[in-house]
Amino acid sequence: MRSGAVVGTYHRAAAGTAPAVLVLGGSEGGLSHHVDRQAQGLAAAGWHALALSYWGGPGQPEVMTGLPLETFDAAVAWLADRPEVDATRLGLLGSSKGAEAALLLATWTPVRAVVAVAPSCVVWQGYDPAAAVPRSTWSRGGADVPFLPYDVPLAELARYPDAVIEVERVPGDVLAVCGDEDTVWPSAEMAARLATRVRERGGPRVTVLTFPGAGHLVGGPPTPATDPGHPFLGALGGTVAANAAAQRQSWRATLEHLAAAFARPGPPAAGHDPWQRAQRPNTSRT
């Protein structure tokens, strides 16, 4: 379906009025099979789900650079306006770059819960092989959101304080899922940093599930052994067996996390809009 800036596949739960989850994939772009399977699994659990394409789809940017965060605002608004959606009970499920986006979006969106699979604790540089000058993955109001360049290690993150995702502003509980052998990026370290930041500053409940021997592909509904993609579960770190086991455990934890968050009474609080933050140049501190 397409509605204005919103390109995605909507899976409606069998129940009437119910919570809804926005599902975000990563650097694969477009409407991937994996993201759609996640949305289908959420609908089967009783929640409406929108698998969103935010780049690489029809009429969308072809590289992951300067992607407008307004796309996610439009998707949240589209979900909230659906008559069958309980707009006071919204959740976010993102994987890899989608986890980065979900955590960033949640800092100003009143969501009940966030599930971040192979997450980031920062906004990273975008990916455009043809770009002469590095840019952020994300933009807001036409301006790049401050970012961490790929060639800067996390140990030097203090030089780029504006690139850090302010997870303490997320109104709903956060579940971070990662493997300790992730070869795409150090998701286990970044998940730990999310939890540490909340311990130091206050904020939401952050639960970190780190799976030993697993890599980047640790989330989503379990991939059947008969699925053509099953032999590739270890392609981005860890073993096929470890990633398959991680999927089984993390998907169960995902459903439990969302169910618990949606069951809590009262409306979630809104965070802050990062407009002013997005207008600042990418700065370093020595």
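How many of the six residues in E2 are buried? Five of them are, so to speak, under cover: E2 is mostly covered. Here buried means under 20% relative accessible area, exposed means over 50%, and partly exposed is what falls in between, all with a 1.4 Å probe and protein chains only. The element names come from DSSP runs, numbered from the N terminus, with helices (H or I) needing at least four residues and strands (E) at least two.

Before going further, a word on the ground rules. This is a predicted model, where local features need pLDDT of at least 70 and side-chain atom pairs count only at pLDDT 80 or more, while totals for chains, interfaces and linings use all residues. Residues are numbered from 1 along each chain as its sequence is written, and side-chain values use heavy atoms, with hydrogens and water left out.

Back to E2 and its neighbours. E1 and E2 run antiparallel and are joined by two bridges; two strands pair if DSSP finds at least two bridges between them. Arg2 has Val7 in E2 as its bridge partner. The hairpin of E1 and E2 has two residues between the strands, and Gly4 there takes a positive phi near 65°.

Contact here means heavy atoms within 4.5 Å.

Ala116 stands opposite Ala176 in E10.

Three strands form it, open and with mixed pairing, in the order E5-E8-E9. E5 and strand E9 (143-144) stand at the edges with a single partner strand each, so one side of each has no neighbour in the sheet. E5 runs parallel to strand E8 (residues 138-140), and two bridges join them. Pro68 sits in strand E5 (residues 67-68) and stands opposite Ser139 in E8. With 30% relative accessibility, Pro68 counts as partly exposed. Helix H2 (residues 70-81) lies across E5 and E8, at about 75° to E8.

Now for the charges. Side chains of opposite charge can pair when their charged atoms come close. The structure holds 10 salt bridges, a salt bridge being a side-chain nitrogen of Lys or Arg within 4 Å of a carboxyl oxygen of Asp or Glu. One of them links Arg82 and Glu84, with the closest N and O atoms 3.0 Å apart. Arg82 is partly exposed at 26% relative accessibility, whereas Glu84 is buried at 4%. Another joins Glu100 and Lys97, where the closest N and O atoms are also 3.0 Å apart. These two are three residues apart in helix H3 (residues 97-106), which means about one helical turn separates them, and both Glu100 and Lys97 are buried. Arg169 and Glu166 form a salt bridge too, at 3.1 Å between the closest N and O atoms. Arg169 is partly exposed, with a relative accessible area of 40%, while Glu166 is buried at 19%.

The largest pocket has a volume of about 550 Å³. A pocket is an open set of points on a 1 Å grid over the protein atoms alone, where a 1.4 Å probe fits, with protein on both sides within 12 Å along at least five of seven lines; lining residues have an atom within 4 Å of a point. Grid points are joined across faces, edges and corners, and the volume is the space filled by probe spheres set on the points. The lining of the largest pocket counts 25 residues, with Glu28, His34, Leu217, Leu236 and Gln247 nearest its centre. H1 supplies the largest share of that lining, three residues.

Terms used. Axes fitted to C-alpha atoms, helices over the stretch in contact; angles between N-to-C directions.
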